[in-house]
Amino acid sequence: MAKKIYPDAAAALDGLLHDGMTIAAGGFGLCGIPERLIDAIVASGVKDLTVASNNAGIDNEGLGKLLRTRQIAKMISSYVGENKEFERQYLAGELEVEFCPQGTLAERMRAGGAGIPGFYTKTGVGTKVAEGKEVKSFDGEEYILERGIRADLAIIKGWKADEAGNLVFRKTARNFNQPAATSGKICVAEVEEIVPVGSLDPDAIHLPGIYVKRLILGAPYDKKIEFRTVRQREAA
């Protein structure tokens, strides 16, 4: 079990990275993003990446770091509104983008992890999302075929894991980390705390350790806030 635990992100990714690979990345906004693993990918210099993730972080945070270094060639995302460099590269034709509705993206990752090559959904019918996709009628309603996502590598962040890789997410961080983890041929996780086997309630485990091949302790983390909203101080 201890063989799953690596000393740092660079060691955990050793031998896994190559140009042109597809990476499924967990995270939702700035919540639950695999910061240490992203930094290690930046440092590796690997390029021409296809990255499937709900969003691309913000400028200079999360996957935004890989956009700044031009290591990402294609993004499969549902939300890109908070990253100006993402917007600039897309509008300039420097970055290929496959827009995917949020629920569909989560299901594409889940399907890929479950060995399901494709599924039909009504989401996107009659829009640009449906362009070039097979349309089929079920009970008089049109559905489009979406392909499952099977990535070369999944990078995720959890809250707590035991030494066997059984993992717990916290609140919003569960949204995309869980399906991203299962969609990768190999999953590398970073967590805030690693505890002995038997410390976690089996009913509370969100991701069984069989999915997690390599694990690092990423703490301590700085709490990053995407939008800071404060109330004006009242006059004394």
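Mentor: Strand E8 (residues 153–162) gives the largest share of the lining of the largest pocket, three residues. Strands here are DSSP runs (E, at least two residues), numbered from the N terminus. The model is predicted: local features need pLDDT of at least 70, side-chain atom pairs count only at pLDDT 80 or more, and totals for chains, interfaces and linings use all residues. Residues are numbered from 1 along each chain as its sequence is written, and side-chain values use heavy atoms, without hydrogens and water.

A pocket is an open set of points on a 1 Å grid over the protein atoms alone, with protein on both sides within 12 Å along at least five of seven lines; lining residues have an atom within 4 Å of a point. The largest pocket holds about 480 Å³. That volume is the space filled by probe spheres set on the points, which are joined across faces, edges and corners. The lining has 21 residues, and Leu30, Cys31, Gly32, Lys157 and Lys223 lie nearest the centre. By class, eight are nonpolar, four polar and nine charged. Asp, Glu, Lys and Arg count as charged; Ala, Val, Leu, Ile, Met, Phe, Trp, Tyr, Cys and Pro as nonpolar; the others, Gly among them, as polar.

Now the cysteines. The structure has zero disulfides (pairs of cysteine sulfur atoms within 2.5 Å). Cys187 is in none: its nearest cysteine sulfur, that of Cys31, is 17 Å away.

Conventions:
1 Å grid on protein atoms, 1.4 Å probe; cavity = no way out; pocket = protein on both sides within 12 Å on 5 of 7 lines; lining within 4 Å. Helix = DSSP H or I, 4+ residues; strand = E, 2+ residues; numbered from the N terminus.
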